[in-house]
Amino acid sequence: MNLFYLIAATCFIIGLKRLSHPKTARSGNIIAAVGMLIAIVATLVSSDILDLRLIAIGLIIGSTIGALVAARVQMTQMPQMVAIFNGFGGGASALVASSEFFTTTNSPFLIVCISVLIGTLTFSGSFIAFGKLQGFISGKPIVFKGQQFFNALAFGGIIILLSINNLGTLDSQSIFYAVLALSFLLGMGLVIPIGGADMPVVISLLNAYSGIAAAATGFLIGNNGLIISGSLVGASGLILTNIMCKGMNRSLANVIFGAVGLEVISDGSQKEMNIKSYSTTEAAMILDSAEKIIIVPGYGLAVARAQYAAREVADALEAKGKKVLYGIHPVAGRMPGHMNVLLAEANVSYDLLKSLDEINPEFEDCDVALVLGANDVVNPAARHDQSSPIYGMPILDVDKSRTVIINKRTMNPGFAGIQNELFGYDNSIMVFGDAKDMLKDLLKEIKEL
Amino acid sequence: MDINLLTIFILAIFVGNEVISKVPPTLHTPLMSGSNAISGIAVVGAMLAIEMGGTLGTYLGLAALIFATINVVGGFLVTDRMLKMFKKK
């Protein structure tokens, strides 16, 4: 039996390994799916006391819902979908642990509780994250007095309950229900104060939790398949969490307890900026005389669904023999790698999508950096202004290009609530307007030149 | 706690760390949805919980099975949908 789980786990590892390049990634995903199929079939035939009729019902309901969601979800909604799937994964692990608790009399109670704790808080936390991303709940940080105290109380309560069990003063069922309820509240309490801009971190972290929950359940039922797969997912989630934190120059603790985005930073001492507003005709002329252009997309671009228009502009420029690259900040979207998917959807060739480390040296000899809907991630204050809330955050060095063309709807500051000094730089010009309209105008002008 | 399980756990974390740190930022979203599908491995635990007889444990297992299957099927399919879009011109 364990042989099949080993084969499945090997498939998962090979599958993840093939994700190291877009060329091999798709086959990798299929290999991982085959591994899962092997694990499922092997489990089905392993025991003759299983209720196959009920299992068939569960598999059919789950597959139908899963397939429908996968086919219908839009790429901009990917963060919500991953959030809710994280929740299902955590929920499934907690339910398996609960089932084990109610059916097996001598199951190790501490492991039951750990599985239920991680699984349940992943479940409730993910649903809050989903609600925020989908707009059911305000994307702003929701904070109330004594919030940290509430979370600490819930967490402390769980710890105390687990140690009480060791003393044997309460019966295990009451403790089980109490841990379940507290974990549910803790999951909600941890996610509800976190703002929309920090969602990439939260989703990555919940992803890690869903893996750890599966691994914990694997310990409980003594199943290698769950332990290995859970650890892989846990490692993946933690690595992504770390990358997202680095991308914002924040510690994990700061994201979870900081509730940034709530305080409005306005020190009144902002310097006067000389903003140069240009028309699309002038912008088109600047682009026409450029040789190397780097497009820097922000989430605003995807919200306006303007990535298609951006690609058309890039195509027109490439047709004129210009080199066009895309510089993508790690936190450009609402989840790790989100912007890359949105651009791939718009048929941008993947070899043109450059990460922060790859693209920054390219700005030195870049003629035009075209900033579309990005703000904080191109603010040079992050490099030198120690009083700036984003000081130390790695940014895209667009200001090193000969000219920076920035498209914005208005002069409103970005997520961090701060004015961007880049807009006043000598080599910066602003083109105001809706991204899609502006790009369409720009396309027309470029083609006419 | 079974030391064998713990050994597997620790080694798997190291393997995961090695393999996943090589995934480029471009593919981080498919990585998440794909690893999401993999965490649906709880489907195995869920099926093992669905024993004949219809006790509370069985129905908890059924709920787990539905959740995990959504995760597995939805996760792999949506990952494939995304990876299909990554083309080189």
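## Confidence in the model

pLDDT is the predictor's confidence in each residue, on a scale from 0 to 100. What you are looking at is a predicted model, and for chain B the mean pLDDT is 93, with 99% of its residues at 70 or more. For the model as a whole, the scores are ipTM 0.96 and pTM 0.91.

## Chain A at a glance

Along the principal axes, the C-alpha atoms of chain A fill a box of roughly 75 × 50 × 35 Å.

Next, the inside of the chain. Of the 449 residues in chain A, 53% are buried. Among contacts in chain A with a separation of 6 or more, 78% are between residues 24 or more positions apart.

## Where chain A meets chain B

Now turn to the contact between the two chains. Chain A brings 88 residues to this contact and chain B brings 77 residues. On the chain A side, at least two residues each come from helix 1 (2-18), helix 2 (22-46), helix 3 (52-72), helix 4 (78-103), helix 8 (199-221), helix 9, helix 14 (338-345) and strand 3 (353-355). Helix 4 of chain A gives the largest share of this side, with 17 residues.

What kinds of residues does chain A place on the side that touches chain B? They divide into 51 nonpolar, 31 polar and 6 charged residues.

## Two residues with a positive phi

Two spots in the loops of chain A deserve a look. Asn249(A) is not a glycine, yet it has a positive phi of about 50°. You can find Asn249(A) in the loop between helix 9 (224-247) and helix 10 (252-258) of chain A.

Arg305(A) sits in the loop between helix 12 (299-303) and helix 13 (307-319) of chain A. With 15 C-beta neighbours inside 10 Å, Arg305(A) counts as partly exposed.

Key. Residues numbered from 1 in each chain as written. Chains lettered and ligands numbered in written order. Predicted model: local features only at pLDDT ≥ 70, side-chain atom pairs only at ≥ 80, totals over all residues. Helix = DSSP H or I, 4+ residues; strand = E, 2+ residues; numbered from the N terminus. Buried ≥ 20, exposed ≤ 12 C-beta atoms within 10 Å, placed from the backbone. Contact = placed C-beta atoms within 7 Å. Nonpolar A, V, L, I, M, F, W, Y, C, P; charged D, E, K, R; others polar.
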